[in-house]
Amino acid sequence: HKDGKTRDSGPNRPCLSPQPRSPLDDHWSTSGGNLQYLSSPLILEQYEKTRKENAANKSRCYINKPNDSMAEEMTEKEFRMYIIKMIREANDEMKEQMQALNDRTNRQLKEQIQEAKDHFNKELEILKKNQTEILDMKEIINQIKNSIESISNRIEHLEDRTSDIEDKIFNLENKVEQTEKMVRNHEQNLQELWDIMKRPNLRIIGIEEGLEKQAKGMNNLFNEIISENFPNLKNEMENQVQEAYRTPNTQNYNRPTPRHIIMKIPNIQNKDRILKAMREKNQITFRGKPIWISADFSIQTLKARRAWNNIFQALKENGCQPRILYPAKLTFKFDDEIKSFHDKQKLKEFTKRKPALQNILKGIKEVISYCLREA
């Protein structure tokens, strides 16, 4: 109260013992209660000094927030002191909060800065590592480029050499082909020469070994065969043998059949007359035993003639009158015309256009397999 009187302390009222007066009380009483005067630095300094002197009696000061009834019982001086105290405590608390916030913010900033620094250092290490790897990769790439360039050069060199080799191979192939062609031509010419040499010859098959000695020579043996089988040709063919010998030259005693006799007839027309008479008679003998007379051919010509055997037999059974002319040409009669073929390819092409001929040759396995292989 303004009159300075004190009231009895209640149960909820703080203990207010007489305290030393402060300059604040004097100024308050002389200033007419003007609160602006409290902002004077001198007053605040004196109040702070008085507050420190009364710090030992804090237990007697009003500490807890007063409720409405307590506020009504407080004196104005106590209320002013309480307000000033609350302002200072709020200011201190705010400073503490600001300091705590500042510390926390600084700590968080330091942590974030350290974390960013660590992250940056890691990234920097990764970049350095990557840079090293990139440099290594560049070195490897350069080595690969150099290797590729070297390989390319070698490939170009090899391609040049390959091209040269291919040209040489092509030339060699042409030479080989020409050589093979020449060899075939030579073989054919040799075969023709051999056939020309053998054309006057007759091959007699089935004469027992030693009978030429009994007949006192090959010439007498030939005359005896002509007299026994072709008496109408005896006068014309007498003493017609120019040369005669057995083939092979050496006798093989393990061989059950006798060696063939080759007889050279100077007149080719007489040779052909004997073969014609042989075909017409179909069977001749010598001293009662069957023998066979044929033309003498080279091995290649003989193989070519034998290749027609099955076809020849099929045509003969169907009345086509087949013949094998020198050296190995097949002729037969078909559709009232004489047809001749040097090889089976031409016969195949002709057979495709003639169903009747196909029926004749359909049982010939040799022709069927040939046609299938050629197709």
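User: Why is Ile-144 called partly exposed rather than buried or exposed?

Analyst: This is a predicted model, and in it Ile-144 has a relative accessibility of 43%. Buried means under 20% and exposed means over 50%, so at 43% Ile-144 counts as partly exposed.

User: What makes Ile-144 part of a nonpolar surface patch, and where does the residue sit?

Analyst: Patch residues need over 30% relative accessible area, and Ile-144 has 43%, so that cut-off is passed. The patch covers about 430 Å², and Met-137, Ile-140, Ile-141 and Ile-148 make it together with Ile-144. As for location, Ile-144 lies in helix α4, residues 76-198.

User: OK, now the inside. What makes the largest nonpolar core a core?

Analyst: A core takes buried nonpolar residues joined through side-chain atoms within 4.5 Å. The largest such set here has 26 residues, and Ile-207 and Leu-221 have the most contacts inside it. At least two residues each come from β1 (201-205), α6 (218-229), β3 (260-264), α8 (268-281), β4 (284-286) and β5 (289-295). Helix α6 gives the most, with 5 residues.

User: How do you know what Leu-221 is in contact with?

Analyst: Contact means heavy atoms within 4.5 Å. Leaving aside neighbours within four places in sequence, that gives Leu-221 contacts with Ile-207, Glu-212, Ala-215, Ile-261, Met-263 and Phe-286.

User: Which residues belong to the other core?

Analyst: That one lies apart and has 15 residues, among them Trp-308, Leu-330, Phe-332 and Leu-357.

User: Why are β1 and β5 called paired strands?

Analyst: Pairing needs at least two bridges. β1 and β5 are joined by 4 bridges and run antiparallel, so they count as a pair. One spot to look at is Ile-205, which stands opposite Trp-292 in β5.

User: And what makes β4 and β5 a pair?

Analyst: These two have 3 bridges in the antiparallel sense, and at least two are needed, so they pair as well. Thr-285 has Pro-290 in β5 as its bridge partner. β4 and β5 also form a hairpin, with 2 residues between the strands. In that turn, Arg-287 has a positive phi of about 55°.

Conventions
Residues are numbered from 1 along each chain as its sequence is written. This is a predicted model: local features need pLDDT of at least 70, side-chain atom pairs count only at pLDDT 80 or more; totals for chains, interfaces and linings use all residues. Side-chain values use heavy atoms; hydrogens and water are left out. Buried means under 20% relative accessible area, exposed over 50%, partly exposed in between (1.4 Å probe, protein chains only). Patches are made of residues with over 30% relative accessible area and no salt bridge: like charges are joined within 9 Å, nonpolar side chains (Val, Leu, Ile, Met, Phe, Trp, Tyr) within 5 Å. Accessible areas come from the Shrake-Rupley method with a 1.4 Å probe; for residues, only the protein chains shown count as cover. A salt bridge is a side-chain nitrogen of Lys or Arg within 4 Å of a carboxyl oxygen of Asp or Glu.
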